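Here are some notes to read alongside the structure.

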Amino acid sequence: MKYLYLTAAAMAVSINTHALQGKVVDSKGSPVANATIQVVGSSETFAVNKLGEFSIDETQAYEIHIVAPGFSHKVIRIGDTLNTEPMQISLTRSVIEQVDVIGLPIHASVIESAQPISVLSGNELRNRQAATLGDSLEGEVGVHTNFHGNVASTPIIRGLSGPRVQITQNSMDVSDVSRVGPDHAVASEVSTAEQVEILRGPATLFFGSGAIGGVVNVVDTRVPKDSTTYGEWFISHETVNKQKLGAVNINTGLDAIALHFDGFWRESSDYQVPVNPETNTDDQSDSQQTDHLHNYFVSNSSEESHGFTLGSSYLLDNGYVGASYGKLYRQYGIPGHSHGGEQHNANEVSVFAELDQDRFQVISEIDLNSKWLTGVNSRLGYTNYSHAEIEAGFTGTIFTNKTLEAKVDLMHQPIQEWKGGWVFHYKHSDVSAVGQEAFTPPSNTASYALAAVEEKHIGNVLLQLGMRVEHVSLKADNVLLPELNLHSHSEQNNTHSEEHEDTLAIIQVFETDQSFSLVSISAGAVWDFTPGYNLAISLAHAERAPHASELLSFGPHIGTGSYEIGALFELNNTSSEPQFDINRSTIQLETSNNIDLTFRKYEGEVGVILNAFYNQVDNYYYQTTTGLYAQSGHNHAHGDDEAHDVHDDELPVYLFKSADAQLYGFEAQSMWQVTPRLKTTLFSDYVQAKLREDSTYLPRTPPLRYGAKLDYQYGSITANISWSHFNDQTHVAPLETKTRGYDWLDASASWSLPIKTTEVALFIKAENITDTEARVHTSYLKNIAPKSGRNFSVGLRGNF
């Protein structure tokens, strides 16, 4: 981006005794009436009037950012020479929406950051929202979903997910158990969010070692920043699962008191698919087996959820202090615990999860005019989460997570034109699992961190530097080492022998206390080499402490269809029968060395964003097959027992190990405003993930994807159609099956109806228009839970 330096002779203003005045216009000199101005060092935003004019009484203004929808950002550095002449700021049209990132302590937008960032907000967010976070973000380049039967999914960023991708709400950990298993839903709701921010690549500086692969930050206004009255509401109905959704979001207040309320309610049935869910065609040996004469459903894929948030703030002259309370309840089926089919089996046992979360937050942003500091931002959160898995009316396993988190950003005055601050971060999580499928023992994880982030403009180059020092401790006082009767399957073994019955006797109970000291460093540069173009490079060294589930697991995990054993144990083949012992080796840190290269063209009628990345991860923790099987200790009700394999009550044993890995790929987007009414978008992403030593592919890596989108607007009517192609995935891990590619076609249209001070929009959306069989390679349930069939949504949304 081209930065405008104001000279004393023309546009410099006094920062001591005079207001900052001016006018915002477009390239033709016409006023831009919807522009807003952000003064660096202040949390307040100023709006221009209908003539594009503004007047800001800011005595410490040394840099301002001008933002307007449909225009490129403008950054202006203010001189210190006395001059009362108003400035005229000209904005250039941009086909790329340049939304600010709220979740970072320093100002950044999708164009100004060295690290690739994308933001979903406004109508785009509402059009993409789904019942789960991963499915809502699936359309973003570089982001996929580990689709778990429409009821649970987490985002996959550049092939990484689980404990490597941090999910946050207003920059604090969402504090659920979604990173333990794919059948655990994310405890965050998109329908009431203001925007969702996606940071690709290591983001450990701001969010901790759990963000070594990226961050998804869900932003809402539960702690309001102003007392202006505004809000939105949303109702919809879908055909494929009979989903009904209603959501409302309201901010209001009086004088110095700001109030917030949001709430949602969702209910859906088992979703419909175009094929028998258990007809696996992933071997690509024949054509897709689609029978449209039958209605097939994925059993145990229904959902009922609701939640609300109450928040209030006290508004100060230099900021605000506020608090909120949020309640989330979700009851959803677990497809991995049942077998789908043409219709529901009358004898089938209902298996579902019941999620309950209470979340408290205290947030403040205070602007200062001290010798050393420009502001102090603080966040304090406490979350009480529980998750019960219920079968046949009985609670089998209960997961809990009680998390206390505190974060303070101290933003300093510019030092030799370097601006930034220090981040103090503390988090303590008490996680437990009790019951039949408690494959990980109760544990406590605490982290303490200090980070520094700085940036400086040198001519047309923006430098960004950061460093974080963190200490992580993991304690568990009831780690179990059971005695397993392990065996392998041979070609001749077609019956289940009694000698293999697993007694699950406990041979050792012990406690463990693991401590890790982590250092993460990043450096980046954004070079605006000509107006409307920039090049960016980001280098990051990030370290991660292994998650409790990667170290301590020892038990059946039905959601993944495996018997999981953590890296704290090792397989001993020296005795007459294989057995697991305690691993006496030192537990290693996972270390990422990542480079990102980015090219952007962001002004004019054509926009382009190209990202290329290479990520070398040393001591990468992954699950490897042992070739052994163990009793699941879990009996399903199948109805017709003769129709099931003799090994249905066994699970393959997977062991967590660490080895060096490499991941590399690209993301590409191109936008063209063909006419004022028509816009086209082309996109593609790709990631290759494998171990460095023997080039073994890592499991569940997304395939190459590319597609196109057309957006059309005529008056109050908007419409779009999008197509995505997912390639066959043939780069698979040992024992992993290949997955057939597919094409996905969606379309939507909306009609806005201004009614007094309210704008109401009627919308209709069609998904999977061709009723394609789509099995997601990154899903643990691809063989029994394909994506939904043709779906139509209709609804109303309004703003006031």
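1. This is a predicted model. Its largest nonpolar core has 37 residues, and those touching the most other members are Leu133, Leu137, Ile167 and Val216. Strands that each supply at least two residues of this core include β12 (165–169), β15 (214–219) and β22 (319–333). The largest share comes from β23, which gives three residues.

2. What does Val216 touch, leaving out residues up to four places away in sequence? Its contacts are Leu133, Leu137, Pro155, Ile157, Gln166, Ile167, Thr168, Val196 and Glu197.

3. Strands β35 (residues 590–601) and β36 (residues 606–631) pair in the antiparallel sense over 11 bridges. Within this pairing, Thr591 stands opposite Asp618 in β36. The two strands form a hairpin with four residues between them, and Gly604 in the turn has a positive phi of about 95°.

4. β36 is also joined to β37 (residues 650–673), by 21 bridges, and these two strands run antiparallel. Here Gln623 stands opposite Phe656 in β37.

5. On the surface, Ile235, Ile717, Trp751, Leu762, Ile764, Val794 and Leu796 form a nonpolar patch with about 580 Å² of accessible area together. β42 (758–767) and β43 (791–799) are the elements that give two or more residues to the patch.

Note on methods:
Residues numbered from 1 in each chain as written. Predicted model: local features only at pLDDT ≥ 70, side-chain atom pairs only at ≥ 80, totals over all residues. Heavy atoms only, no water. Patch = residues over 30% accessible without salt bridge, like charges linked within 9 Å, V, L, I, M, F, W, Y side chains within 5 Å. Areas by Shrake-Rupley, 256 points an atom, 1.4 Å probe, with all protein chains shown as cover. Salt bridge = Lys/Arg side-chain N within 4 Å of Asp/Glu carboxyl O. Pairing = 2+ DSSP bridges. Core = buried A, V, L, I, M, F, W, Y, C linked by side-chain atoms within 4.5 Å. Buried < 20%, exposed > 50% of the residue type's maximum accessible area, 1.4 Å probe, protein only. Contact = heavy atoms within 4.5 Å.
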